[in-house]
Amino acid sequence: MTITLEERAPRPVLRTADVYQTDPREDVMSYSDRLLSVVADFRNGGIPEGCNARSMVGKSKKSNEVALRLYATVERDAEGQPRFGAVGFRARGCLAVTACGSMAAQMLEGRTFAQARQLTSGQLREALDGVPADKAYTLDYAICAVHGVMADYLAGFEGAALCEAEADYCAGACGACLTAEHCSLRDRRLDERVAAMKR
């Protein structure tokens with residue numbers, strides 16, 4: 001039996017202020033039901049009021065772009081530890097990066113930086129009941145964005161030396177760094193090194 005173009009079911013495409021799916025031909029059959037439910041009812045979209053930390057990780061892919069941005073409010077708690085308040089995200093690309101962004105934002109809220117540093121791509125994968133093998137890099141991007149938002153708070157809001165933040169939060173040769181064309185922490189680090197060389 002031949003299926004004509006008119007008989008094919010439409011595929012979901014997301015276009016909101018915070019989420020933009022760039023490939024309308026994306027096949028949803030390879031995604032878990034849990035991941036699709038997170039995308040269908042994504043939470044934490046946008047920039048929370050009082051945002052004082054942000055990060056971005058992404059790459060261009062053929063004619064499409066995959067990018068994840070995290071935005072957070074961070075305050076020192078009673079013990080003096082930096083702790084996440086509200087966390088938001090914006091995503092561009094595939095359903096997997098949207099799900100990873102939403103889930104990472106949810107998992108960060110209320111955590112101290114020490115707790116957030118323990119978050120792994122495996123935990124994120126488990127929370128989403130898996131991602132397709134060809135989208136596994138989105139898990140790495142989300143973890144890299146988590147580390148980037150913590151370093152951004154320390155280096156930007158609290159004025160810590162970026163080299164200290166880099167040593168604590170950026171592996172430098174992690175999976176995301178090897179595949180990402182854009183990483184806000186890496187880009188900032190390079191800009192500072194270039195500026196130092198010009199002095």
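Trainee: Which helix does Asp152 lie in?
Mentor: Keep in mind that we're looking at a predicted model. Asp152 belongs to the stretch spanning residues 137-157, and that stretch is helix H5.

Trainee: Is Asp152 buried or exposed?
Mentor: The cut-off for buried is under 20% relative accessible area. Asp152 has 19%, so this residue counts as buried.

Trainee: How far apart in space are Arg188 and Asp152, C-alpha to C-alpha?
Mentor: Arg188 is in another stretch, helix H8, residues 184-198. Arg188 is partly exposed, because its relative accessibility is 27%. Along the sequence Arg188 and Asp152 are 36 residues apart, while in space their C-alpha atoms are separated by 9.4 Å.

Trainee: Over to the strands. In what sense do E3 and E4 pair?
Mentor: Strand E3 covers residues 64-76 and strand E4 covers 82-93. Glu75 sits opposite Arg83, and Ala67 sits opposite Arg92. Going up in number on E3 takes you down in number on E4, and the nine bridges between them are antiparallel.

Trainee: Which residue takes a positive phi in the hairpin of E3 and E4?
Mentor: Look between the two strands, where the hairpin has five residues. The phi there is near 85 degrees, and the residue that takes it is Gly80.

Trainee: How many salt bridges does a search of the whole structure find?
Mentor: One joins Arg92 and Glu65, with the closest N and O atoms 3.2 Å apart. Another joins Arg83 and Asp77, where that distance is 3.0 Å. For the whole structure, the search gives two.

Trainee: Why does the pair of Arg92 and Glu65 tie together parts that are apart in sequence, and by how many residues?
Mentor: Arg92 forms a salt bridge with Glu65. Arg92 is in strand E4 and Glu65 is in strand E3, so the pair links parts whose separation in sequence is 27 residues.

Trainee: In the other salt bridge, is Asp77 buried or exposed?
Mentor: Its partner is Arg83, which at 28% relative accessibility is partly exposed. Asp77 has a relative accessible area of 17%, so by the under 20% cut-off Asp77 is buried.

Trainee: Which element gives the most to the largest nonpolar core?
Mentor: That core has 50 residues, and those with the most contacts inside it are Phe84, Leu108, Leu124 and Leu128. Several elements supply at least two residues each, among them helix H1, strand E2 and helix H2. The top contributor, with 13 residues, is H5.

Trainee: Which residues does Leu124 touch, not counting those up to four places away in sequence?
Mentor: Leu124 is one of the residues with the most contacts inside the core. Leaving out its sequence neighbours, Leu124 touches Cys100, Met103, Ala104, Met107, Leu139, Ala142 and Ile143.

Trainee: Where is confidence lowest in the protein chain?
Mentor: The chain's mean pLDDT is 81, and 74% of its residues reach 70 or more. Among the elements, helix H4 (residues 121-127) comes out highest at 96, while the lowest mean, 57, belongs to helix H6.

Methods:
Residues are numbered from 1 along each chain as its sequence is written. This is a predicted model: local features need pLDDT of at least 70, side-chain atom pairs count only at pLDDT 80 or more; totals for chains, interfaces and linings use all residues. Side-chain values use heavy atoms; hydrogens and water are left out. Helices (H or I, at least four residues) and strands (E, at least two) are DSSP runs, numbered from the N terminus. Buried means under 20% relative accessible area, exposed over 50%, partly exposed in between (1.4 Å probe, protein chains only). Two strands pair if DSSP finds at least two bridges between them. pLDDT is the predictor's confidence in each residue, from 0 to 100. A salt bridge is a side-chain nitrogen of Lys or Arg within 4 Å of a carboxyl oxygen of Asp or Glu. A nonpolar core is a set of buried Ala, Val, Leu, Ile, Met, Phe, Trp, Tyr and Cys residues joined through side-chain atoms within 4.5 Å. Contact means heavy atoms within 4.5 Å.
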